[in-house]
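Student: I would like to learn how to read strands, helices and contact surfaces in a model like this one. Where do we begin?

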There are 2 protein chains.
Amino acid sequence: MVVDLPTGEQADLIFRALADSTRRDIVRRSTGGDLSVSALAREYPISTTAVQKHVAVLERAGLVERTRRGREQLVQSRIETITRARELLDELEALWRDRLDRIDELVDSNEGAEQ
Amino acid sequence: MVVDLPTGEQADLIFRALADSTRRDIVRRSTGGDLSVSALAREYPISTTAVQKHVAVLERAGLVERTRRGREQLVQSRIETITRARELLDELEALWRDRLDRIDELVDSNEGAEQ
DNA sequence: CTAATCTACAACCGAATGGTTGTAGATCTA
DNA sequence: TAGATCTACAACCATTCGGTTGTAGATTAG
């Protein structure tokens, strides 16, 4: 249930899961790990089943985990996966920084030689 | 064509656009801003039309911009939007850090009083 | 001028999404 | 024990998605 997928597919699942405001809100609300699926469902104008499905999507992506407590399922967000997503974006930003650095080098090496 | 949407919808578009490995790769390759749509298309085993659509999705999300040069469209990734996405994740991570800080406080206030 | 290249866009297709309702099993509470 | 609550899951539906092919307009190259 955790993470054993080709990294590309894992990234697909994570970003796809985050591409819905209800799901992002569930992640936010589940930091404490003390809310059940039905407790979460009360917060949104959609059916409990719909919320169940959202939680399932988040769980498959590793953004959330569920643990049973009696008849209810407590939902807890997983910071490792959020961090993983941020790292993927950091990587893209790094490409840009590298490029800007290379431009700076060019500027430096041309200094005092303009025109 | 840039950014004037309710922040939630903008986030939806950004994460949805990033939820596809071909599109993430296009963003990576477009840092230099020197590749056309058809040049990009040569890199993937899908039709030019499909790549065109991927670029359109990225453009709507603000992750990429296009500029015409003669008959071709050059694609350039936009670091601001990547940064925006990272900030959204930072926000989620911050919730966790706050929570851990609060737990630390509890531990501190209980020090020397265990059991 | 003609041919090749690049983009644009419509139309189509199968699969996935996000939602619903309905039924049923477990667990808690009075 | 009986009723309420929580979860699970199947079935269905409309829409979106990622891909295709085909046609056509601009621009460049020979």
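Tutor: We begin with a definition: two strands pair if DSSP finds at least two bridges between them. Keep in mind that this is a predicted model.

Student: Which residue stands opposite L35(B) in β3(B)?

Tutor: V75(B) is the residue opposite L35(B). The strands concerned, β1(B) and β3 (residues 72–77) of chain B, pair in the antiparallel sense over two bridges.

Student: In what order do the strands of the chain B sheet lie?

Tutor: The order is β1-β3-β2, in an open sheet of three strands with antiparallel pairing. β1 (35–36) and β2 (64–69) of chain B each have a single partner strand, so one side of each has no neighbour in the sheet.

Student: How is the sheet of chain A arranged?

Tutor: Chain A has an open sheet of three strands, in the order β1-β3-β2, and the pairing is antiparallel. Its edge strands are β1 (35–36) and β2 (64–69), each of which pairs on one side only.

Student: How many bridges join β2(A) to β3 of chain A?

Tutor: Six bridges join these antiparallel strands, with β3 of chain A covering residues 72–77. As one example of a bridge, R66(A) has V75(A) as its partner in β3(A).

Student: Which strands does helix α4 of chain B lie across?

Tutor: Helix α4 (residues 48–61) of chain B lies across β2 and β3 of that chain, and runs at about 120° to β2(B).

Student: Next, the DNA. Which residues come nearest to DNA strand D?

Tutor: Of the 21 residues around DNA strand D, the nearest are S38(A), E72(A), S47(B), A50(B) and G70(B). Elements that each supply at least two residues of the surface near DNA strand D are α3 (37–41), α4 (48–61) and β3 of chain A, together with α4 of chain B. The helix α4(B) gives the most, five residues. By class, this surface near DNA strand D has four nonpolar, eleven polar and six charged residues.

Student: How should I read the interface between the chains?

Tutor: In general, the size of an interface is often given as the accessible area lost when the parts come together. Here the contacts are given as residue counts: 26 residues of chain B are in contact with 26 residues of chain A. On the chain B side, α1 (7–18), α2 (21–29) and α5 (79–109) are the elements that give two or more residues.

Student: Which element gives the most to the side of chain B that touches chain A?

Tutor: α5(B) does, with twelve residues. That side of chain B divides into twelve nonpolar, five polar and nine charged residues.

How values were computed
Residues numbered from 1 in each chain as written. Chains lettered and ligands numbered in written order. Predicted model: local features only at pLDDT ≥ 70, side-chain atom pairs only at ≥ 80, totals over all residues. Helix = DSSP H or I, 4+ residues; strand = E, 2+ residues; numbered from the N terminus. Contact = placed C-beta atoms within 7 Å. Axes fitted to C-alpha atoms, helices over the stretch in contact; angles between N-to-C directions. Near = placed C-beta within 6 Å. Nonpolar A, V, L, I, M, F, W, Y, C, P; charged D, E, K, R; others polar.
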